[in-house]
Amino acid sequence: MAKEYKITSTRLKELEEELNYLKTTREKEVAEQIKEARSFGDLSENSEYDEAKNEQAKLYGRIAEVENILANAVIIEENDEPAGHVGLGCKVRVLDLDTNEEEEYTIVGSQEADPLNCCISDDSPFGRAMVGKHQDDVVEVEAPVGVLRYRILNVEK
């Protein structure tokens, strides 16, 4: 059974545009690099040719990856979770009960996760612990440093 990729409609559009770019513009650029490298002569000692072929392999790998994601994508609708419940696409403001600091995160699918920008995957320990919870719930998150405790202050769609 293929893995499902939970993504927003915005991310779906970005992936479709990336796939179009890779299959048209980028594929032609790589083919031109290979053609140019072949013109340098002996292929057995031609580092430019090897480099171009490696770039082609990376390109086809990425095309296959994006096609797989698109084929198995499950679009996240903003209204999938009842109001006040944490779900995909929600912004969650939490209070760290150990440090007494407020933090805000957006819960997203694994393909959109970007921890540096506070976009946390629903597959992460934090995301799994938060999904389905309500405002004012205290949530315990299993982490390598131990159990972290958070109070959900606010949930926004």
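**Helices, sheet and cores of the predicted model**

Cys118 is found in the loop between β4 and β5. Strands here are DSSP runs of E with at least two residues, and helices are runs of H or I with at least four; both are numbered from the N terminus. This is a predicted model, in which local features need pLDDT of at least 70 and side-chain atom pairs count only at pLDDT 80 or more, while totals for chains, interfaces and linings use all residues. Residues are numbered from 1 along each chain as its sequence is written, and side-chain values use heavy atoms, with hydrogens and water left out.

Phi of Cys118 is near 60°, a positive value in a residue other than glycine. The relative accessible area of Cys118 is 32%, and Cys118 is therefore partly exposed. In these terms, buried means under 20% relative accessible area, exposed means over 50%, and partly exposed lies in between (1.4 Å probe, protein chains only). A positive phi of about 60° also occurs at Asn100, which is not a glycine. Asn100 lies in the loop between β3 and β4. With a relative accessible area of 58%, Asn100 is exposed.

The strands come next. Five of them form an open sheet, in the order β5-β4-β3-β7-β6, and the pairing is mixed. β5 (119-121) and β6 stand at the edges with a single partner strand each, so one side of each is left without a neighbour in the sheet. From one strand to the next, the twist averages 45°. Axes for such angles are lines fitted to C-alpha atoms, for helices over the stretch in contact, and the angles run from 0 to 180 degrees between N-to-C directions. Strands of a sheet pair through backbone hydrogen bonds, either parallel or antiparallel. Two strands count as paired if DSSP finds at least two bridges between them.

β3 and β4 pair in the antiparallel sense over six bridges. These two strands form a hairpin with four residues between them, and Asn100 is in the turn. Val94 has Glu103 as its bridge partner in β4. In β7, Val94 stands opposite Ile152. β3 and β7 run antiparallel and are joined by six bridges. A hairpin through two residues joins β6 to β7. The bridge partner of Glu140 in β7 is Arg149.

The largest nonpolar core has 17 residues. Such a core is a set of buried Ala, Val, Leu, Ile, Met, Phe, Trp, Tyr and Cys residues joined through side-chain atoms within 4.5 Å. Val86, Val92, Val94, Ile107, Phe126, Met130 and Ile152 have the most contacts inside this core. Two or more residues come from each of β3 (91-96), β4 (101-108), α3 (125-130), β6 (138-143) and β7 (146-156). A second, separate core of 15 residues includes Leu12, Leu15, Tyr49 and Leu59.

Val131 lies in the loop between α3 and β6. Val131 is partly exposed, with a relative accessible area of 32%. Not counting residues up to four places away in sequence, Val131 touches Val86, Ile107 and Asp122. Contact means heavy atoms within 4.5 Å. Val131 and Thr99 are 32 residues apart along the chain, and their C-alpha atoms are separated by 22 Å.

Helix α1 (residues 9-38) has 30 residues. From first C-alpha to last, α1 reaches 42 Å, close to the 44 Å expected at 1.5 Å a residue. The expected span is 1.5 Å times one less than the number of residues. A kink of about 40° in α1 is centred on Leu22. The bend at a residue is the angle between axes fitted to the seven residues ending there and the seven starting there. The buried residues of α1 are Arg11, Leu12, Leu15, Leu19, Leu22, Arg26, Val30, Ile34 and Ala37. An α-helix has 3.6 residues a turn, so residues three or four places apart point the same way. The cover over the buried residues of α1 includes β1 (5-7), α2 (47-71) and β2 (73-75).

Helix α2 has 25 residues and reaches 36 Å from its first C-alpha to its last, close to the 36 Å expected. Tyr49, Ala52, Gln56, Leu59, Ile63, Val66 and Ile69 are buried in α2. What covers them includes β1, α1 and β2.
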